[in-house]
Amino acid sequence: MGDFFKRVHVIVAGIPRGSVMTYGQIASIAGNPRASRAVGYALRATPSGTELPWHRVVNSKGRISFRETLQGDDDRSLQRVLLEGEGVVFRGSGSIDLGKYQVSF
DNA sequence: CAGCTGACGCCAT
DNA sequence: TATGGCGCCAGCT
(Lines give C-alpha, C1' and ligand atoms only; values in the text may rest on other atoms or scores of the structure.)
Protein backbone atom coordinates (compact mmCIF):
# COMPACT_ATOMS: atom_id res chain seq x y z
CA MET A 1 0.00 0.00 0.00
CA GLY A 2 1.24 3.43 -0.90
CA ASP A 3 1.28 6.51 1.21
CA PHE A 4 -1.80 7.79 -0.54
CA PHE A 5 -3.89 4.90 0.70
CA LYS A 6 -2.78 5.51 4.25
CA ARG A 7 -3.76 9.16 4.08
CA VAL A 8 -7.14 8.27 2.66
CA HIS A 9 -7.60 5.84 5.50
CA VAL A 10 -6.78 8.45 8.12
CA ILE A 11 -9.01 11.08 6.56
CA VAL A 12 -12.01 8.77 6.28
CA ALA A 13 -11.48 7.59 9.83
CA GLY A 14 -11.88 11.18 10.92
CA ILE A 15 -15.29 11.80 9.37
CA PRO A 16 -17.74 12.60 12.19
CA ARG A 17 -20.78 10.47 12.70
CA GLY A 18 -23.77 11.78 10.75
CA SER A 19 -21.55 13.62 8.25
CA VAL A 20 -20.07 12.72 4.87
CA MET A 21 -17.18 13.58 2.57
CA THR A 22 -16.93 13.23 -1.20
CA TYR A 23 -14.30 11.18 -3.02
CA GLY A 24 -12.94 14.30 -4.68
CA GLN A 25 -12.72 16.14 -1.40
CA ILE A 26 -10.78 13.32 0.20
CA ALA A 27 -8.45 13.03 -2.77
CA SER A 28 -7.78 16.74 -2.54
CA ILE A 29 -6.96 16.62 1.16
CA ALA A 30 -4.81 13.57 0.61
CA GLY A 31 -2.69 15.57 -1.78
CA ASN A 32 -4.03 14.77 -5.26
CA PRO A 33 -7.18 16.72 -6.24
CA ARG A 34 -7.78 14.48 -9.23
CA ALA A 35 -7.23 11.10 -7.68
CA SER A 36 -10.87 10.63 -6.75
CA ARG A 37 -10.94 7.25 -8.43
CA ALA A 38 -7.97 6.13 -6.42
CA VAL A 39 -9.91 7.01 -3.27
CA GLY A 40 -12.64 4.61 -4.28
CA TYR A 41 -9.99 2.03 -4.99
CA ALA A 42 -8.49 2.61 -1.57
CA LEU A 43 -11.77 2.03 0.20
CA ARG A 44 -12.52 -1.02 -1.86
CA ALA A 45 -9.12 -2.45 -0.99
CA THR A 46 -9.69 -1.84 2.69
CA PRO A 47 -10.10 -5.15 4.48
CA SER A 48 -13.45 -5.65 6.15
CA GLY A 49 -13.33 -5.90 9.89
CA THR A 50 -11.76 -2.50 10.32
CA GLU A 51 -13.89 0.18 11.86
CA LEU A 52 -13.35 2.54 8.98
CA PRO A 53 -16.59 4.50 8.34
CA TRP A 54 -16.44 3.94 4.57
CA HIS A 55 -20.18 4.51 4.30
CA ARG A 56 -19.64 8.22 5.00
CA VAL A 57 -18.02 8.67 1.60
CA VAL A 58 -20.26 9.64 -1.33
CA ASN A 59 -19.69 11.04 -4.82
CA SER A 60 -19.82 14.68 -5.88
CA LYS A 61 -23.55 14.51 -6.52
CA GLY A 62 -24.28 13.34 -3.02
CA ARG A 63 -25.16 9.89 -4.26
CA ILE A 64 -24.09 6.40 -3.32
CA SER A 65 -21.66 4.80 -5.74
CA PHE A 66 -21.11 1.36 -4.35
CA ARG A 67 -24.34 -0.56 -4.04
CA GLU A 68 -24.61 -3.78 -2.21
CA THR A 69 -28.06 -5.26 -2.15
CA LEU A 70 -29.34 -6.00 1.28
CA GLN A 71 -31.19 -9.22 1.93
CA GLY A 72 -34.91 -8.73 1.60
CA ASP A 73 -34.52 -5.13 0.55
CA ASP A 74 -33.78 -4.83 -3.13
CA ASP A 75 -33.68 -1.11 -3.68
CA ARG A 76 -31.60 -0.14 -0.66
CA SER A 77 -27.86 -0.36 -0.31
CA LEU A 78 -26.04 -1.20 2.86
CA GLN A 79 -24.37 2.19 2.74
CA ARG A 80 -27.70 3.97 2.66
CA VAL A 81 -28.99 1.99 5.59
CA LEU A 82 -25.91 2.79 7.63
CA LEU A 83 -26.15 6.50 6.87
CA GLU A 84 -29.84 6.64 7.67
CA GLY A 85 -28.94 5.00 10.94
CA GLU A 86 -26.83 8.07 11.70
CA GLY A 87 -29.63 10.45 10.89
CA VAL A 88 -28.79 11.21 7.26
CA VAL A 89 -31.95 11.78 5.21
CA PHE A 90 -32.18 10.67 1.58
CA ARG A 91 -34.32 12.51 -0.95
CA GLY A 92 -36.66 10.74 -3.31
CA SER A 93 -34.04 10.86 -6.06
CA GLY A 94 -31.71 8.87 -3.84
CA SER A 95 -29.31 11.67 -3.02
CA ILE A 96 -28.49 13.52 0.18
CA ASP A 97 -28.06 17.24 0.81
CA LEU A 98 -24.29 17.75 0.65
CA GLY A 99 -24.66 21.33 1.84
CA LYS A 100 -26.03 19.94 5.04
CA TYR A 101 -24.02 16.78 5.67
CA GLN A 102 -20.67 17.35 3.98
CA VAL A 103 -17.81 18.10 6.33
CA SER A 104 -16.15 21.40 5.55
CA PHE A 105 -12.67 22.57 6.42
C1' DC B 1 8.12 -1.72 -18.15
C1' DA B 2 3.32 -1.52 -20.44
C1' DG B 3 -1.24 -2.07 -20.17
C1' DC B 4 -5.77 -2.60 -17.48
C1' DT B 5 -9.21 -1.42 -13.99
C1' DG B 6 -12.10 1.16 -10.93
C1' DA B 7 -17.00 2.36 -4.64
C1' DC B 8 -14.92 9.25 -9.49
C1' DG B 9 -15.51 14.08 -11.63
C1' DC B 10 -16.61 17.15 -15.18
C1' DC B 11 -18.44 18.74 -19.37
C1' DA B 12 -21.13 18.14 -23.68
C1' DT B 13 -25.46 16.45 -25.54
C1' DT C 1 -32.92 15.43 -15.54
C1' DA C 2 -30.36 11.62 -17.76
C1' DT C 3 -26.57 9.63 -20.46
C1' DG C 4 -22.24 9.13 -22.41
C1' DG C 5 -17.42 10.03 -23.21
C1' DC C 6 -12.96 11.18 -21.65
C1' DG C 7 -9.43 12.45 -18.28
C1' DC C 8 -7.20 11.14 -13.90
C1' DC C 9 -4.26 8.54 -10.62
C1' DA C 10 -2.76 4.55 -7.73
C1' DG C 11 -2.37 -0.53 -7.69
C1' DC C 12 -2.35 -4.81 -9.99
C1' DT C 13 -1.11 -8.07 -13.54
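The surface near DNA strand B is made up of three nonpolar, six polar and two charged residues. Please bear in mind that the model is predicted. The residues in question are Tyr23, Gly24, Ser36, Arg37, Gly40, Arg44, Trp54, Asn59, Ser60, Ser65 and Phe66. Of the atoms of DNA strand B that come within 4 Å of the protein, 48% belong to sugar and phosphate.

Which parts of the strand do individual side chains approach? Arg37 places a polar side-chain atom 2.3 Å from a base nitrogen of DNA strand B.

I turn now to the salt bridges, of which the whole structure holds four. Side chains of opposite charge can pair when their charged atoms come close. Arg56 and Glu86 meet at 2.7 Å, N to O. Because Arg56 lies in the loop between H3 and strand E2 (57-58) and Glu86 in the loop between helix H4 (78-84) and helix H5 (98-101), the pair ties together parts that are 30 residues apart in sequence. Both residues are buried, and together with Arg17 they are linked in a network of salt bridges.

Within helix H4, Glu84 and Arg80 are four residues apart, so about one helical turn separates them. Their closest N and O atoms are 3.1 Å apart in a salt bridge. Glu84 counts as partly exposed, because its relative accessibility is 25%.

Terms used:
Residues are numbered from 1 along each chain as its sequence is written. Chains are lettered from A and ligands numbered from 1 in the order in which they are written. This is a predicted model: local features need pLDDT of at least 70, side-chain atom pairs count only at pLDDT 80 or more; totals for chains, interfaces and linings use all residues. Side-chain values use heavy atoms; hydrogens and water are left out. A residue is near a molecule or strand if one of its heavy atoms lies within 4 Å of it. A polar contact is a pair of N or O atoms within 3.5 Å; within protein, one must be able to donate a hydrogen and the other to accept it, and residues adjacent in sequence count only if both atoms are side-chain atoms. Ala, Val, Leu, Ile, Met, Phe, Trp, Tyr, Cys and Pro count as nonpolar, Asp, Glu, Lys and Arg as charged, and the others, Gly among them, as polar. A salt bridge is a side-chain nitrogen of Lys or Arg within 4 Å of a carboxyl oxygen of Asp or Glu. Helices (H or I, at least four residues) and strands (E, at least two) are DSSP runs, numbered from the N terminus. Buried means under 20% relative accessible area, exposed over 50%, partly exposed in between (1.4 Å probe, protein chains only).
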